[in-house]
Every structure is written in C-alpha cells, then in structure tokens.
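Hi,

Here is the structure I promised to pass on.

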Amino acid sequence: MTGGLLVTGALAALFASALPAQHSPSAITDPPPDKIVIDIATVNGSGCPQGTAAVAVSQDNTAFTVTYSEYLAQVGGNSSPTAGRKNCQLNLIVHVPQGFTYAVASADYRGFASLQPGASSTEKASYYFQGSPSTASRTHNFQGPYDDNWQATDRTDWAQLVWAPCGVQRNFNINTELRVNAGTSDPTTTSYMTMDSTDGDISTIYHLAWKECPKS
C-alpha cells in the first residue's frame with residue numbers, strides 16, 4: 001500500500017534512547033504552518049493485508065490515525081494454529097518542513113476483546129527510525145474473563161521524547177502486535193482480540209509534539 005498524506009509536522013518515536021543526542025531544538029506551542037507529505041512506503045503483516053489499513057491526519061494537524069479492518073487474533077474452537085498472533089508494520093516516509101522536527105508524544109490503541117476464563121491477550125507496539133541501533137516497545141496485557149472494548153495508551157514525558165534528526169531523512173517504523181493465549185480456558189471455546197473497525201470509528205491515534213530546529 002502506498003500513498004501520500006498531508007500533515008503539518010511529522011511523526012517520531014515513543015522511546016528514550018533510540019537515536020544519538022541531537023542539538024536541542026527550541027520548543028514551540030503550535031505546529032508549523034507549512035504542510036508536509038507522509039508517504040506510506042510499505043504496509044506488511046498478517047494483521048494488515050493489502051488494502052485493510054488506512055492513515056488519516058487530523059484537521060488541526062496535532063495527530064494522525066491508523067484504522068484497520070482485518071486486525072484480529074484468536075485461539076480455540078476452529079482457529080488455525082497461526083491465528084493466535086497477528087502483526088502489522090508501517091514504514092512511513094516523512095518529508096518535514098525546513099526548520100522543524102517532530103516526535104510522537106503518545107499513542108492510543110483501541111479495539112475489542114472477548115477472552116474466556118483462563119485465557120489472556122497482549123497488545124504490543126514498537127517504534128524506531130530506520131537505521132536506529134535499538135528498538136523500544138510497550139506492552140499491555142489483558143486477562144480473561146473479558147468481553148468489552150479495550151484501550152491502551154503509550155505516553156512519553158516531554159523530557160524523554162526522541163526527536164527526528166534535523167535535516168536528515170529517516171523512515172519511521174511502527175510495529176504492532178496482537179497475541180491471544182488460550183491458557184487454561186476450554187479449548188472448544190474461542191477467545192479473540194481485535195484492533196480493527198468495521199465502521200471506521202475505532203482507530204489508533206498518534207499524538208504529535210513539535211520543536212523548531214536550531215538556526216543554521
């Protein structure tokens with residue numbers, strides 16, 4: 001899946017040590033006025049087959065969303081042996097307006113889970129720039145019995161944000177994973193967890209932070 005999107009600013013990582021320290025840009029309150037283009041280089045994974053993931057930018061340019069339509073992991077019943085784990089990797093090319101850099105301050109993940117007594121599930125997300133020597137991940141666990149919407153938030157303090165290097169093009173990668181374990185549940189019953197939406201109302205939301213690069 002490829003495509004261009006407009007957004008003021010860009011994306012970044014929810015980790016604290018993936019890139020060498022850059023010159024400290026000065027903080028700004030509002031997004032820069034110029035638009036940038038986000039090209040989706042690749043979308044890969046069992047949780048996001050071709051054509052089942054979409055990216056959109058908020059009108060106020062403070063966030064972007066990812067919506068999935070077939071992101072479901074399940075075990076038990078007639079589930080296939082590989083259905084218990086699903087994943088998706090988004091590789092994004094971000095063209096930043098000159099003089100600005102970006103970070104993701106927080107990310108909200110949502111979906112629905114139906115877990116039998118004794119079953120459990122995990123939502124995991126990783127973030128990194130292309131060429132980074134390390135990857136940080138955040139994990140959220142859920143325990144059955146559970147039959148409801150779920151939400152998990154990854155949040156990073158301002159002082160710990162890692163900003164895209166000024167003046168350098170680096171693709172940004174977001175890896176997500178859903179895993180369901182049958183545990184001690186009745187193997188004839190089905191447990192599942194989704195991060196998808198049939199009506200577009202459930203999306204992963206990435207909230208952006210902004211800085212101005214040092215003047216050359």
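**Salt bridges and surroundings**

E212 is partly exposed, at a relative accessible area of 21%; the classes are buried for under 20%, exposed for over 50% and partly exposed in between, with a 1.4 Å probe and protein chains only. Its partner in a salt bridge is K215, with the closest N and O atoms 2.8 Å apart. K215 is exposed, with a relative accessible area of 70%. By salt bridge I mean a side-chain nitrogen of Lys or Arg within 4 Å of a carboxyl oxygen of Asp or Glu.

Before you go further: this is a predicted model, where local features need pLDDT of at least 70 and side-chain atom pairs count only at pLDDT 80 or more, while totals for chains, interfaces and linings use all residues. Residues are numbered from 1 along each chain as its sequence is written, and side-chain values use heavy atoms, with hydrogens and water left out.

The salt-bridge rule gives a count of three. Besides K215 with E212, there is a bridge between the side chains of R85 and E177, at 3.5 Å from N to O. That pair ties together distant parts of the chain, 92 residues apart: R85 sits in strand β7 (residues 85-95) and E177 in strand β12 (residues 172-181). Strands here are DSSP runs of E with at least two residues, helices are runs of H or I with at least four, and both are numbered from the N terminus. E177 also bridges to R179, where the closest N and O atoms are 2.9 Å apart. Through shared partners, R85, E177 and R179 end up in one network.

How accessible are the members of that network? E177 is buried, at 14% relative accessible area, whereas R85 is partly exposed at 36% and R179 is partly exposed at 32%.

Eight bridges join it to β7, and the two run antiparallel. With β9 (residues 120-129), β12 pairs over 10 bridges, again in the antiparallel sense. E177 has N87 opposite it, and K124 stands opposite E177 too.

Zooming out, the protein has 14 strands and zero helices. Of its 216 residues, 47% are buried. Taking contacts (heavy atoms within 4.5 Å) between residues at least 6 apart in sequence, 84% join residues at least 24 apart. The accessible surface comes to about 10,200 Å², with 48% of it belonging to carbon and sulfur atoms; areas are from the Shrake-Rupley method with a 1.4 Å probe, and for residues only the protein chains shown count as cover.

Cheers

Terms used
Pairing = 2+ DSSP bridges.
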